[in-house]
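This report covers a two-chain model. Please have the viewer open while reading.

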Protein chains: 2
Amino acid sequence: MFEPPVQRLIDELARLPGIGRKSAQRLAFHVLNADEVDAERLANAILDMRTQIRLCSRCFNVAAGAECTICLDTRRDTAILCVVERAQDIVVMENTHEFGGRYHVLGGAISPIAGIGPDQLHFRELLARIEPEGVQEVIAATNPTVDGDATAYYVARVLKPLGVKVTRLASGLPVGGDLDYADEVTLGRALVGRQEL
Amino acid sequence: MFEPPVQRLIDELARLPGIGRKSAQRLAFHVLNADEVDAERLANAILDMRTQIRLCSRCFNVAAGAECTICLDTRRDTAILCVVERAQDIVVMENTHEFGGRYHVLGGAISPIAGIGPDQLHFRELLARIEPEGVQEVIAATNPTVDGDATAYYVARVLKPLGVKVTRLASGLPVGGDLDYADEVTLGRALVGRQEL
């Protein structure tokens, strides 16, 4: 229907997560109508990121060099390690300004249905970091989902025998939320995890 | 917060319409985790489209050559012209399979608030097509908005003196819609435009 070069961009955009056919069309026409330099900058940003970014050899965070800025930061506490599913979760954690340790990106969660077991994730590399870095506590900051919970339990199972304290992020009501809008599972967890004032 | 190449892509993506900061992050990390070839294909699709596509010299539709495929199609009826605001509207019209004429893209709608008058749109080129192409009817298929309506009236005002019949797309209830969900303006238009069965 569209001229082939336009259709090709629509197809590529529609492959992105959360972008439907209609959004892809809208975006493609936006790029078509945008300034030449804007379109080039977007294309180059994609290419540059792919060539300049790799994964940190220690924690699998995104890195511009061999190790990421967090692993290279000598002020970070190496005794406490926060285990997350994906690299983007690190930024969310960092934005809380509540954590001063290092991270370890598993690269996903254990999911028997999707055929993802511990061997497909960076568990071996996690175990290899415990002794040399003197890790005493591991926070399992996987998502509060079935797979994320299963992954957290697996983290606990393999690390506890090594004498490492394993903790989990608290589940409960979102701050600023409304009881009315909380689902029963979240509310149930908030109740179980209630804290004395 | 992010490594500069990642942040740069997030910034570029967030400039796109309908893409917020959070979506831009999600998309950037998707591209980061995607296959190298996929990322390259997306970047190249953007660059290719910009270099290979121009505007049809006759109707301002997107075109791979000097004129678009519709203007080059000799089977199209040149006596009837459909005036649309943007090139992407042509595809929507074509998908109805109800129109066999040609198009003319205005490049927007008249909007006194945004400072867009007839001179900023392709009205001059529209007038220049009437006689040589033997246009007898012009369908004002601008959006059913205040600006779109104003533009349609302007089309009628300048073309009627030339003996051209000017029509407007019908406003009314969407097919498959529900009276309950129709806003009063649409319902009012549907009432005014009611047709005998």
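The text below treats the interface first, then the sheets and the helices packed on them.

This is a predicted model: local features need pLDDT of at least 70, side-chain atom pairs count only at pLDDT 80 or more, and totals for chains, interfaces and linings use all residues. Residues are numbered from 1 along each chain as its sequence is written, chains are lettered from A and ligands numbered from 1 in the order in which they are written, and side-chain values use heavy atoms, with hydrogens and water left out.

**Interface**

The size of an interface is often given as the accessible area lost when the parts come together. Here chain A and chain B bury about 4800 Å² between them. Of that area, 69% lies on carbon and sulfur atoms. Buried area is the accessible area (1.4 Å probe) that two parts lose on being put together, summed over both. Three residues, A:E3, A:M49 and A:R50, supply 15% of what chain A buries against chain B, more than any other three residues.

Contact means heavy atoms within 4.5 Å. By that criterion, 49 residues of chain A and 50 residues of chain B take part.

Six salt bridges are counted between chain A and chain B. Each needs a side-chain nitrogen of Lys or Arg within 4 Å of a carboxyl oxygen of Asp or Glu. One of them joins B:R50 to A:E36, with the closest N and O atoms 3.7 Å apart.

Which elements of chain A each supply at least two residues of the side that touches chain B? They are α1 (4-14), α2 (21-33), α3 (36-52), β2 (62-63) and α5 (87-95). α3(A) gives the most, with 13 residues. Helices (H or I, at least four residues) and strands (E, at least two) are DSSP runs, numbered from the N terminus.

By class, this side of chain A has 29 nonpolar, seven polar and 13 charged residues. Ala, Val, Leu, Ile, Met, Phe, Trp, Tyr, Cys and Pro count as nonpolar, Asp, Glu, Lys and Arg as charged, and the others, Gly among them, as polar.

**Sheets**

Chain B has an open sheet of four strands in the order β4-β3-β5-β6, with parallel pairing. β4 (101-105) and β6 (165-168) of chain B have a single partner strand each, so one side of each is left without a neighbour in the sheet. The twist averages 25° from one strand to the next. Two strands pair if DSSP finds at least two bridges between them. β3 (77-84) and β5 (137-140) of chain B pair in the parallel sense over four bridges. B:V83 has B:A140 as its bridge partner in β5(B).

Chain A has an open four-stranded sheet in the order β4-β3-β5-β6, with parallel pairing. Four bridges join β3 (77-84) to β5 (137-140) of chain A. There, A:C82 is partnered by A:I139.

**Helices on the sheets**

Axes are lines fitted to C-alpha atoms, for helices over the stretch in contact, and angles run from 0 to 180 degrees between N-to-C directions.

| α7(B), 146-159 | β5 and β6 of chain B | about 170° to β6(B) |
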